[in-house]
Amino acid sequence: MMSKILLVAINEYRVNVFKKSFIFVLLSVPLFLGFIIGFGMFMDSQENDDAPVGYVDTAGILQDATPAPVENPEEAIQFIAFETEQDAKSALEEGRIQAYYIFGEDYQESRNAELVYYDTPGQDATRQFNDFLQINLLSDFPSEIALRGTEGSSVTVRAPDGSREFPDGGPPFGIVLPVIIGLALMFLLMTAGGFMMEGVVQERENRTIEVIVTSVSPGQMVTGKILGIVWICLTQLVAWILFGILALFLAQNVYEISWFQNPVIDWEGMLAILLIGIPTFFLSVALMFTVGSTVAEAQEGQGLGPIIFILSISPTWFIMKIGEDPNGPFAVALSMVPFASLLTVGIRNMLVAVPWWQIVLSAGLQTVVALGAIWLGGQAFRFGMLRVGQRINLREIFRSGTPRRKKLSEGGVS
Amino acid sequence: MRKIGLILRHEIVTALSRPGYLLFAFGIPLLGLLIFGVVTLIQSNEPDIANLPEANSSSELEVEGYVDHAGIIRTIPGDLPADTLLPYADESLAAQALEGGEISAYYIVPEDYIVSGEFIYVHPNSSPFSSGGKDWVMSWTLLVNMLDGDMELASRIWNPMYLKVTNLDPAPEVDRFTQEDCSKPGQACESNALVQMLPMFAVILFFVFTSVSSGQLLANITKEKQNRMMEVLMLSIDPKEMMAGKIIGLGLVSLLQVAFWVVSMYTMIALGGNTFNLPTDFSIPISVLIWWILLFLLGYAITATLMGGIGALVPNPKVANQGSWIVLLPMMIGYFVAVTPVGQGDPHGLVSTVLSIFPLTAPVVMIMRITIGGVPTWQLVVTVVLMILTAIFIVRAVARMFRAQTILSGQPFSVRRYFLALAGRA
C-alpha cells in the first residue's frame, strides 16, 4: 500500500519539478525581488550627484568654514567658495559644479538665500550643504553640541507595554520578517493549489484515471498526490530560504545595510504566521482539489486561483485602515477571513502585539474551514472519479454524502 | 458578410452572458460609484473641520511628559503652550501618569543623548501609520536647550534658509524645488496622491483591458479547437470571416467595458472634487478620454490579432497560455517603463518617447504620456499612423494563418513557426 502511495508521490514530484517552468517559478520570486531592489538602488543612485557645489557668501557666514562630517567620507561633496556670482555662474556653465548657493548681505536678518542650477541638484548635495551651513552657524558652540544640532535627533517610537519599537518611525527587520514569511507562504499556497488542481484534473482530462483506479485506490492516489505536492512545496521553500540567507548575508556583510544588522527575530510573530499559514495552505490545496475533481477541463477551474489570490492580497488595499487602528474591529474581523487572515495578522503583528486569543481563534477558524474543504474534496473526488468529461455541481456532491446516494455512488451508479 | 455578422453576434451574446464579464465591466465601476456616493453623502453631513476657528491653533498639542536623564532641558521654549511638557523624575512615574490619563505620551531622553542623538517616544498609538505623534515638540525643546535657550539661533538651525530657486534651463521641467502643478495628473503634484498616481492607474487599467480582452479571443479560439467545434464551423464559414467576426465582436464588447469604466471614472472625478480632495483647478480634458479610447482600440486590434494568430497555430489551450507571452512581452516592457520612475519621472524623455511611438508598446506608454499631458501633436499623429499601419499588416499576416490546414493541423507550436507564419513563410 505504502509503495503505491510513494509511486504516485514520486511521479507527481518528477512530473512537476523536472521541467523548465518549475525552475522558472523557483527562481522567479528571488530574481524578481533582486531586480526590484537593484532597480530601486539604481534609481536612488540616479538621484545623487557627487559633483561639487558652489557658494557665494557675501554675508560672511561661511568664512573659514568647517566641513560637516559625512557618514561615508567617499560620498562627501566638495563645496567651493566663489567671490562673485558671475564666477559661480561660469563654473556652473562649464560643468565644474552642479549648482550654487548665494547668500546676500541681508542673510543674517532675513535668512534669504538663492539656489541656482540647470538640472535639479542631487539629494546628497543639498543635504550635505544644509549640514555644512548648520555646523558653521554653530561654530561658537562646543563641537559635540554643534554636531548634535546639525545632525538633529533620531526618535524611537515605543508602545507603552514595550512590545513594539519603531526606530526612526519604521519597524525593524526582525519584526518585518514574519510578514515576509507570510508573503512567501502566500505564494507557496498559490503554486501548491495550482499544482494540486492540475494534478487532479490531468488524469481525468486525458482519461488515464480509468486505468489508474484499477490498481490504486482513490485514497492512495489522493495521499500520494498530496505527498508529492508537499515535497514540491518543500523544495520551493528550501530554495527560497537559501536565497533569503544569501540575501541577508550580502546585506549584512557586503552592503553593510544597518537595517539588517543584529536582527532580533520576533519568534511569537513567526509562530502566529505559521499557526494561521499552515491551515490556510491546506485550505487552498483542498479547494483546488475540490474544483479539480468537479471540472471537465483544467481551464474551467482556473478561475479559483485569481479569487484566492485577490482574497489573500486584499489586506494590502486596507493597509491604511489596518495601520491606523491595528487592534480595531475592522482589523480583527479581517483577521478571521480565510486567506485574508494571513497577511492581516502579519501586518498587525508588525505594528502591535496581536492578542493570542485572536490568533488562536483565527487559526481555529482556518482549520475548521480547511477540514470542511478537505471533506468536500474527498466527496467530490470519489463522486466525480469516473464521470470523466462531465462537470459536477456542489449540490450533487452534497447529495452524494447522504447515505442513500452514497451507497449508489459507491456502487458505481450516480 | 452575413456570416461575419453571425459570428460577431454570437461572440457578443456569449460574452455578455458571462457573469465574470458583467462583474468586471459593470459591477466593479458601479460598486465604485456606490461607495463614492455613500462617502460623499457621509462627508456632506460632517462639519468642515478645516474651517473651524480652533483648527490651526496651538491647542492641538496635547499635554505630554518627559524624563530627562541627560539633564539638558532647563526651559520649555516660549512658543509652546504652557504646560505642554511636564517633567517626571523617572519612567515609572511617567508611565503612571500616562495610564492615569494625565498625559497623552511621554519622552525618555537618555544620558548619552548628545552623543547618540536618540530619544524614545512612548505613545499609545505607536503605529507608523498613525498621525497621533508630535515628536517634533521634543526635538525642538532639546535643540533650544542645547543652544542655551537662544530661540532665534535654534530657529535658524531648524530651518537655515528661505530658499529662492532659479532654474537656468530655458525649458525647465518641474522638479522637487519648483512649485508643484496639480492642474493635471502626474508627478508634479506632490500634495495629492490621487492626482499624482492617476497616470499610473490609467496605464494599469488599459494594460489589463487590452491583455484580458485579447486573451479572451485566444481562449475562445483554442476552446473551439479543443471541443472540435472548429471542425464543424470550417464546413460553413471561411476562416478569415470567422477571425474577423471574433475580433470585431470581442472588440465591441471590450469597447463597451472600457467606455463604461472611463465614464464612471470621469463622473467620479468630475463630481467628487471634495470627496477626493482634488485641487480646484484639476480636470481631465475630454480630449484625453478620446485618445484613451482610440489608443485602446488600436492596441486591441494589434494585440488581439496577434493572439488570434497564436490561437490558429496552437494545438491546445495549455500551449496557448505559454505562447501568449510572445505577444504580451512588448506590452509588458512598456507597462514596466510606464509605471516605474523611468516613465513616470521623465514622461517625455527618450525612453518614454520611443516606446510611446513604437506600435507594440504604444498602447500603454502613450496612455501614460497623454494622461500627464504635454505630448507634441506630431508624436500623437505618428503613433496613430504607425499603429494603423501595423494593425493592417498584422491583420493581413494573421489572416494568412487562418486556413483550415493550419488551424486543424495539430502541429506543435514554436516561436519560430509563429514568426515564420507571420512573415508568410510557414
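Trainee: At what angle do α5(A) and α6(A) pack?
Mentor: In this predicted model, the angle between α5(A) and α6(A) is about 145 degrees, and their axes are 9 Å apart.

Trainee: Is the crossing of α5(A) and α6(A) left-handed or right-handed?
Mentor: The crossing is right-handed.

Trainee: Which residues meet there?
Mentor: From α5(A) come D131(A), Q134(A) and I135(A), and they meet A146(A), G149(A) and T150(A) of α6(A). By type, the residues of this contact divide into 2 nonpolar, 3 polar and 1 charged.

Trainee: Let us turn to the two chains. How many residues does each chain give to the contact?
Mentor: Chain A gives 40 residues and chain B gives 41 residues.

Trainee: Which elements of chain A supply at least two residues each to that side?
Mentor: They are β4 (112–117), α5 (123–137), α6 (143–151), β5 (154–158) and α12 (319–324) of chain A. The largest share belongs to β4(A), with 6 residues.

Trainee: And what types of residue are on that side of chain A?
Mentor: The side of chain A that touches chain B has 19 nonpolar, 13 polar and 8 charged residues.

Trainee: Which strand of chain B is joined to β5(A) by bridges?
Mentor: It is strand β4 (residues 118–122) of chain B, joined to β5(A) by 5 bridges, and the two strands run parallel. Within that pairing, V155(A) has F119(B) as its bridge partner.

Trainee: What is the strand order in the open sheet of 5 strands?
Mentor: The order is β2(A)-β1(A)-β3(A)-β4(A)-β5(B), and the pairing is mixed. At the edges are β2 (79–82) of chain A and β5 (162–167) of chain B, each of which pairs on one side only. On average, neighbouring strands in this sheet are turned by 25 degrees against each other, direction ignored.

Trainee: How many bridges join β1(A) to β2(A)?
Mentor: There are 4 bridges between strand β1 (residues 53–57) of chain A and β2(A), and these strands run parallel. In this pair, V56(A) stands opposite F82(A) of β2(A).

Trainee: Which strands does helix α3 of chain A lie across?
Mentor: Helix α3 (residues 85–93) lies across β1, β2, β3 (99–103) and β4 of chain A. Its direction is at about 170 degrees to β1(A).

Trainee: What should helix α14(A) span at 1.5 Å a residue?
Mentor: The 12 residues of helix α14 (residues 340–351) of chain A should span 16 Å, and the end C-alpha atoms are 17 Å apart, which agrees.

Trainee: How far does helix α10 of chain B reach?
Mentor: Helix α10 (residues 286–313) of chain B has 28 residues and reaches 41 Å from its first C-alpha to its last, close to the expected 40 Å. The helix is mostly covered, with 20 of its 28 residues buried.

Trainee: What about chain B as a whole?
Mentor: Chain B contains 17 helices and 5 strands. Of its 426 residues, 35% are buried. Among contacts in chain B between residues at least 6 apart in sequence, 71% join residues at least 24 apart.

Trainee: Why does L198(B) count as buried?
Mentor: L198(B) has 22 C-beta neighbours inside 10 Å, so it counts as buried, the cut-off being 20 or more. L198(B) lies in helix α7 (residues 193–226) of chain B. Not counting residues up to four places away in sequence, L198(B) touches P185(B) and T371(B).

Trainee: Is T75(B) buried or exposed?
Mentor: T75(B) counts as exposed, because it has 11 C-beta neighbours inside 10 Å. T75(B) is in the loop between β1 (64–68) and β2 (85–87) of chain B. The C-alpha atoms of T75(B) and T141(B) are separated by 8.0 Å, although these residues are 66 residues apart along the chain. Not counting residues up to four places away in sequence, T75(B) touches N145(B) and G149(B).

Key. Residues numbered from 1 in each chain as written. Chains lettered and ligands numbered in written order. Predicted model: local features only at pLDDT ≥ 70, side-chain atom pairs only at ≥ 80, totals over all residues. Expected span 1.5 Å × (residues − 1). Buried ≥ 20, exposed ≤ 12 C-beta atoms within 10 Å, placed from the backbone. Contact = placed C-beta atoms within 7 Å. Nonpolar A, V, L, I, M, F, W, Y, C, P; charged D, E, K, R; others polar. Pairing = 2+ DSSP bridges. Axes fitted to C-alpha atoms, helices over the stretch in contact; angles between N-to-C directions. Left-handed = near helix turned anticlockwise from the far one by under 90°.
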